[in-house]
Amino acid sequence: MQFVPTDKLITDALRYMRVPPQTHNQELIDTVVNAFEKLETYVTPRAVYGRFHVIHFDGGIELEGAYIYSNDIARLTSRSNDCYILAATLGHEVDRQISLAQQKNMLDGIALDACASVRIDAFCDQFIKSEIKPGLNAGEFLTSRFSPGYGDLNMNVTEDILQILNAGKRIGLSVTRSLMMMPIKSITAFIGLYHA
């Protein structure tokens with residue numbers, strides 16, 4: 001299915017570019033729309049996910065043998081004994097094209113980078129809606145996703161997520177020693193479950 005940026009996604013990209021709403025103009029909007037169009041020729045969106053049993057302890061959870069110390073994740077998963085974890089990426093070519101664009105024209109590069117950030121978020125939302133939600137049992141509902149770096153969830157938890165999901169082998173996603181994901185335009189997240 002072809003990706004068409006909505007007005008909201010265009011506004012989100014301008015926000016990532018740190019453009020104040022009162023200074024939005026047609027030229028900037030056209031720059032963002034063009035960046036979204038170019039981006040679609042580079043993206044190879046891929047994702048992996050799984051549903052896992054959660055063991056709660058004071059100040060965190062245990063998931064597949066990994067101890068995750070976070071009050072926020074403990075709260076997110078407090079209403080179920082299971083949770084989902086997700087890893088998604090737009091692919092390595094997006095990173096390369098952003099770097100090339102920034103060398104040629106800084107505004108185009110900034111716009112492409114912002115649109116890629118918006119695009120990976122939109123991809124995750126759509127993936128959850130189309131792939132994860134249909135697999136829920138009757139009466140089960142999902143929380144919003146929660147990523148390493150949010151609240152008190154340390155970035156080093158990214159490594160645990162990638163290892164549990166075998167994301168390196170499955171979608172080519174890895175993390176550097178400085179905890180930067182490669183490809184850069186990637187997301188890992190927890191999604192809690194609750195029962196109505």
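The second largest pocket here has a volume of about 430 Å³. It sits in a predicted model, where local features need pLDDT of at least 70, side-chain atom pairs count only at pLDDT 80 or more, and totals for chains, interfaces and linings use all residues. Residues are numbered from 1 along each chain as its sequence is written, and side-chain values use heavy atoms, leaving out hydrogens and water.

**Pockets**
- A pocket is an open set of points on a 1 Å grid where a 1.4 Å probe fits, with protein on both sides within 12 Å along at least five of seven lines; lining residues have an atom within 4 Å of a point.
- Of the 18 residues lining the second largest pocket, Ile120, Met181, Ile184, Ser186 and Ile187 are the closest to its centre.
- For the largest pocket, the volume is about 590 Å³.
- That largest pocket has 20 lining residues, with Phe3, Arg119, Ala122, Phe123 and Gln126 nearest its centre.
- Helix α5 gives the most to the largest pocket's lining, with eleven residues.

**Cores**
- A nonpolar core is a set of buried Ala, Val, Leu, Ile, Met, Phe, Trp, Tyr and Cys residues joined through side-chain atoms within 4.5 Å; buried means under 20% relative accessible area (1.4 Å probe, protein chains only).
- The largest core has 40 residues, and Val32, Phe36 and Leu142 touch the most other members.
- Here too α5 gives the most, with 13 residues.
- There's also a second, separate core of 22 residues, including Val48, Leu63, Cys83 and Phe190.

Definitions and conventions: Buried means under 20% relative accessible area, exposed over 50%, partly exposed in between (1.4 Å probe, protein chains only). Helices (H or I, at least four residues) and strands (E, at least two) are DSSP runs, numbered from the N terminus. Grid points are joined across faces, edges and corners, and a volume is the space filled by probe spheres set on the points.
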